[in-house]
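Let's walk through how to read aromatic contacts, with one example to look at together. Here it is.

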Amino acid sequence: MTISRLDNQQIEDPVLRSYLNRVVAEKASTYDTSLTRYYIKPDEEYRPDLVSYRVYGTKELQWVVTLLSGNEDPAAAMTIGLEIRFPSLTWLREQIRHFADDGEVYGTLSED
């Protein structure tokens, strides 16, 4: 089975994957004007894949929807009317590539 390049499972190390999740959540919590504001609709309550498709044009980023909705389980209900601010597809792709390729975690290396 081939893993999509947009799937956070591209990052084999679970610790680095958790850093990616943290970076995504931090970006979404800012008021950056490049973020896309989206409100969960009634037909999307149990469908992070549908939200992902409507926001990004692909269901491959449903992990982002689950993360930013505050759920750990993609089958859990999302709050109807919940506002979520989504980073751009380009930004997400860059972050996934960064953590999958070299995995350097920003701010963890001290300079001597």
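Q: Are Y38 and F86 buried or exposed?

A: This is a predicted model, so keep that in mind as we go. Buried means under 20% relative accessible area. Here Y38 is buried, and F86 is buried too. For F86 the relative accessibility is 0%, so this residue counts as buried.

Q: How many aromatic pairs does the structure hold?

A: Rings pair if their centres lie within 6.5 Å, and planes over 60 degrees apart count as edge-to-face. There are two aromatic pairs here. Take Y38 and F86: their centres are 6.4 Å apart, with 65 degrees between the planes, which makes the pair edge-to-face.

Q: Where do Y38 and F86 lie, and what does the pair tie together?

A: Look for Y38 in strand β1 (residues 36–39) and F86 in strand β2 (residues 83–86); the pair therefore ties together parts 48 residues apart in sequence.

Q: What about Y56 and F86?

A: They pair edge-to-face as well, at 5.8 Å centre to centre and 80 degrees between the planes. Y56 sits in helix α2 (residues 48–56) while F86 is in strand β2, so this pair links parts 30 residues apart in sequence. Y56 has a relative accessible area of 14%, so it is buried.

Q: Which residues form one aromatic cluster?

A: Y38, Y56 and F86 make up that cluster.

Q: Which ring does the charged end of R85 sit over?

A: Here you check a charge against a ring. The charged end of R85 sits over the ring of Y31, 4.6 Å from the ring's centre.

How values were computed:
Residues are numbered from 1 along each chain as its sequence is written. This is a predicted model: local features need pLDDT of at least 70, side-chain atom pairs count only at pLDDT 80 or more; totals for chains, interfaces and linings use all residues. Side-chain values use heavy atoms; hydrogens and water are left out. Rings of Phe, Tyr and Trp (its six-membered ring) pair if their centres lie within 6.5 Å; planes under 30 degrees apart count as stacked, over 60 as edge-to-face and the rest as tilted. Helices (H or I, at least four residues) and strands (E, at least two) are DSSP runs, numbered from the N terminus. Buried means under 20% relative accessible area, exposed over 50%, partly exposed in between (1.4 Å probe, protein chains only). A charge sits over a ring if NZ of Lys or CZ of Arg is within 6 Å of the ring centre and within 35 degrees of the ring normal.
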